[in-house]
Amino acid sequence: MAAAATAAEGVPSRGPPGEVIHLNVGGKRFSTSRQTLTWIPDSFFSSLLSGRISTLKDETGAIFIDRDPTVFAPILNFLRTKELDPRGVHGSSLLHEAQFYGLTPLVLLLQFVACSFERSWIDLLVETSSSMVTCHHQLYSPNCSQHLLPS
């Protein structure tokens, strides 16, 4: 059953976790489940799909998000798999977008990776472009002056 939207606000109602959500990010279409988009509480997507923030719809009814689709693709894959494959995306752009979307586990993972290697994002992504990084529940780097996640 498709998500109902109020005519006045264009806000999708809450729906089942397996509901397919269609997104138009910067002109490129993506489809995923509600559960994939909302497993991180208080994120942009949780707020969007709960009706706390309003939505724009494109001509097909997909939720329109005016952001870079190239950077969004690895973010969506992270939400799906909890693994990060940053190939082809600048680390600073990925971090900026993760912060925009309120994806704290991804933000912390990106900070951990950068802190662990203590190098620029460009050097880091060139050297690790063929590998994947997995999100763990507790991140700590001995090279950093702080814990990135509370114990």
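Author: Helix axes here are lines fitted to C-alpha atoms over the stretch in contact, and angles run from 0 to 180 degrees between N-to-C directions. Helices (H or I, at least four residues) and strands (E, at least two) are DSSP runs, numbered from the N terminus. This is a predicted model: local features need pLDDT of at least 70, side-chain atom pairs count only at pLDDT 80 or more, and totals for chains, interfaces and linings use all residues. Residues are numbered from 1 along each chain as its sequence is written, and side-chain values use heavy atoms, with hydrogens and water left out.

Reader: At what angle do the axes of H3 and H4 cross?

Author: Two packed helices are described by the angle between their axes and the distance between the axes. Here, H4 spans residues 91-100 and H3 spans residues 69-81. Their axes come within 10 Å and cross at roughly 70 degrees. H3 is therefore roughly perpendicular to H4 (under 35 degrees is roughly parallel, over 145 roughly antiparallel, 65 to 115 roughly perpendicular, the rest oblique). The crossing is right-handed: the near helix is turned clockwise from the far one by less than a right angle.

Reader: Which residues make the contact of H3 and H4?

Author: Contact means heavy atoms within 4.5 Å. H3 supplies Val 71, Pro 74 and Ile 75. H4 supplies Ser 93, Leu 94, Glu 97 and Ala 98. By class, that is 5 nonpolar, 1 polar and 1 charged residues. Ala, Val, Leu, Ile, Met, Phe, Trp, Tyr, Cys and Pro count as nonpolar; Asp, Glu, Lys and Arg as charged; the others, Gly among them, as polar.

Reader: Is Pro 74 buried or exposed?

Author: Buried means under 20% relative accessible area, exposed over 50%, partly exposed in between (1.4 Å probe, protein chains only). Pro 74 has 8%, so Pro 74 is buried. Leaving aside residues up to four places away in sequence, Pro 74 touches Asp 85, Val 89 and Leu 94. Its C-alpha lies 9.5 Å from that of Gly 88, 14 residues apart along the chain.

Reader: Where is Phe 30 found, and what does Phe 30 touch?

Author: Phe 30 is in strand E2, residues 28-33. Its relative accessibility is 11%, so Phe 30 counts as buried. Beyond four places in sequence, its contacts include Pro 69, Phe 72, Ala 73 and Leu 76.

Reader: What pLDDT does the protein chain average?

Author: pLDDT is the predictor's confidence in each residue, from 0 to 100. The chain averages 77, and 67% of the residues score at least 70. Over residues 126-132 the pLDDT is below 50. Where pLDDT is low, the predicted coordinates should not be read in detail.
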